[in-house]
Amino acid sequence: MQFYDILCQRTSAERQQLFNVPVIGDALRGDIDRGQYVAFLTQAFHHVKHTVPLMMACGSRLGEEYGWLRRAVADYVEEEIGHEEWILSDIAACGADPERARRSRPDPATELMVAYAYHQIDRGNPVAFLGMVHVLEGTSTALATQAAGTIRQVLGLPQEAFSYLTSHGSLDLEHVAFFEGLVNRLEREGDRDAVIHCARMMYRLYGDIFRGLPQCADAFGEA
């Protein structure tokens, strides 16, 4: 069995726990208000703005034997630059204030997820960061496009309010295929264990962001 399949198999329980978070099911059914959607986008902004710095930190800590992985991380960096600005544009298209979102503090769950990723890179194994990539991009391909269509229909928002969700649904499909080939090249058991452990933690931490959304809705519900 290839390592990507092992990764999916050994994190399937945590993935299902994330998908079982009530607010995700509500959003897919269209049971969501504008404030919740803007709150979701705001937290997405706060973690997506760290994507490029995290990747750069990861690449800088990879040894010479991981030159092939460093090149792949550099490709990711080029692809991901500026995506957090897409999210602010979506917030503006919702009629909310993007600068208010930019200036806001992330929710504790978002801050903890980002901090954990930096910690793994700095103090653990930088290869573990691939576990975060697996969770965020895999979740996008599974949920983003469907969620965007439903939320747009229910809330009557313009297409411009969904560039983050719609672009990542299709874009991450390509990324997941690339990611699969990448992690299948990992041969060291320690690297594989680090990726699996990080993915398990990320499913839990990412789920906590969604679990906090109903309490966040009021803060960004009005422009």
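Student: What volume does the largest cavity have?

Tutor: Happy to. A note on conventions comes before the answer. This is a predicted model, in which local features need pLDDT of at least 70 and side-chain atom pairs count only at pLDDT 80 or more, while totals for chains, interfaces and linings use all residues. Residues are numbered from 1 along each chain as its sequence is written, and side-chain values use heavy atoms, with hydrogens and water left out.

The largest cavity has a volume of about 270 Å³. A cavity here is a set of points, on a 1 Å grid over the protein atoms alone, where a 1.4 Å probe fits but cannot get out; its lining residues have an atom within 4 Å of a point. Grid points are joined across faces, edges and corners, and the volume is the space filled by probe spheres set on the points. Searching the whole structure gives two cavities of 30 Å³ or more.

Around the largest cavity there are 20 lining residues, and Ala27, Phe40, Ala147, Leu165 and Phe210 lie nearest its centre. Helices H3 (22-29), H4 (34-48), H10 (129-155), H11 (163-183) and H12 (189-211) each supply at least two residues of this lining; helices are DSSP runs (H or I, at least four residues) numbered from the N terminus. H10 gives the most, with six residues. By type, the lining divides into 16 nonpolar, four polar and no charged residues. In this count Ala, Val, Leu, Ile, Met, Phe, Trp, Tyr, Cys and Pro are nonpolar, Asp, Glu, Lys and Arg are charged, and the others, Gly among them, are polar.

The second largest cavity has a volume of about 220 Å³. Its lining has 17 residues, with Thr51, Glu80, Leu136, Glu137 and His168 the closest to its centre. H4, H5 (51-61), H10 and H11 each supply at least two residues here, and H10 again gives the most, with six residues. This lining divides into nine nonpolar, five polar and three charged residues.

Now for the packing. Phe210, one of the residues nearest the centre of the largest cavity, is also among those with the most contacts inside the largest nonpolar core, together with Tyr37, Leu69 and Leu130. That core has 77 residues; a nonpolar core is a set of buried Ala, Val, Leu, Ile, Met, Phe, Trp, Tyr and Cys residues joined through side-chain atoms within 4.5 Å. Buried means under 20% relative accessible area, exposed over 50%, and partly exposed in between (1.4 Å probe, protein chains only). Leaving aside neighbours within four places in sequence, Leu130 is in contact (heavy atoms within 4.5 Å) with Leu69, Phe179, Leu182, Val183, Leu186 and Val195.

H4, which contributes to both linings, also holds Gln43. Gln43 counts as buried because its relative accessibility is 1%. With the sequence neighbours within four places left aside, Gln43 is in contact with Pro106, Asp107, Thr110, Ile209 and Leu213.

Finally, H3, another helix of the largest cavity's lining, carries Asp26 and Arg29, three residues apart, about one turn of the helix. Asp26 and Arg29 form a salt bridge, with the closest N and O atoms 2.6 Å apart; the term requires a side-chain nitrogen of Lys or Arg within 4 Å of a carboxyl oxygen of Asp or Glu. Asp26 is partly exposed at 22% relative accessible area, whereas Arg29 is exposed at 61%.

How values were computed. 1 Å grid on protein atoms, 1.4 Å probe; cavity = no way out; pocket = protein on both sides within 12 Å on 5 of 7 lines; lining within 4 Å.
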